[in-house]
Amino acid sequence: VFVGNPLVTPPLYTDTSFYLAQRRDLQLVRIAEIQISKSPTVPGISAPMPSWITQNFSVELLNTGDAPAHMLGDTLMVISPTSSLNNKIFVFPDIVIQPGASLVIQFGNGNSTNTSRTLYTGSTAACSPSFNSNFAVIYRNGSGIADAVPFNAMTTQSVWNNAHVPAYVWSGSGISMPTSNNQTAGVFRTGWHANSSTALSNSASHWTVSSNSNRLTMGVSNSG
């Protein structure tokens, strides 16, 4: 429960009428899309694919709140029982995501010409999961784990249990991906906390595997 500052009013009399309006001023950053491949032959890639997305593995964050999100010190990480994918951590620099805006994090090397649009993790966090990998993407802000998205059998792995992801952040099994590569470009969120008719917690049912009829829209702000 959010408790704000005390409301101080002038003297109130029996015939005084006054009105209160909610002022949220909250930043609410969530993982919106996860791209695993940008190959033009893979179903469901963004169309058109932004020229500035150069890495296969990219994660789009969206500020669904109504206040700027100051990202300094927040982290985006990949965990997996596969050592080459585990504990890949990107620490955000002093960057701001405006309300309704998105930021694409590309897991690899590159030079961003527009840091309000995309950032590269650099070589220390570079990785590229395959479609059948057990892995998860976890976003942490100053309050702890704010969002997490596991894939395949990741939620049965000890590394997932050791991450202590709260049930209200993710519940149930991971997102099931096609059994072979090059069957989809990635996944995008279709159930949001603000309008989900199923539950406030995040689960695989809140995500859609992309296809040519349901494409990714990397770099385009869209909260459903």
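This tour goes from a strand to its partners and then to one threonine in a loop.

The model is predicted, so local features need pLDDT of at least 70 and side-chain atom pairs count only at pLDDT 80 or more, while totals for chains, interfaces and linings use all residues. Residues are numbered from 1 along each chain as its sequence is written, and side-chain values use heavy atoms, with hydrogens and water left out.

**Strand 1.** Select residues 29–35, which form strand 1. Strands (E, at least two residues) and helices (H or I, at least four) are DSSP runs, numbered from the N terminus. Seven of the seven residues here are buried, so strand 1 is largely enclosed by the rest of the structure. Buried means under 20% relative accessible area, with a 1.4 Å probe and protein chains only.

**Its partners.** Two strands pair if DSSP finds at least two bridges between them. Glu-33 has Glu-60 as its bridge partner in strand 2.

**Thr-184.** Now select Thr-184, in the loop between helix 1 (158–163) and strand 11. Thr-184 is buried, at 1% relative accessible area. A polar atom of its side chain lies 3.2 Å from the backbone oxygen of Gly-186, and one lies 2.7 Å from the backbone oxygen of Ser-210. Beyond its neighbours within four places in sequence, Thr-184 is in contact (heavy atoms within 4.5 Å) with residues including Val-42, Phe-131, Met-177 and Val-209.

Methods: Buried means under 20% relative accessible area, exposed over 50%, partly exposed in between (1.4 Å probe, protein chains only). A polar contact is a pair of N or O atoms within 3.5 Å; within protein, one must be able to donate a hydrogen and the other to accept it, and residues adjacent in sequence count only if both atoms are side-chain atoms.
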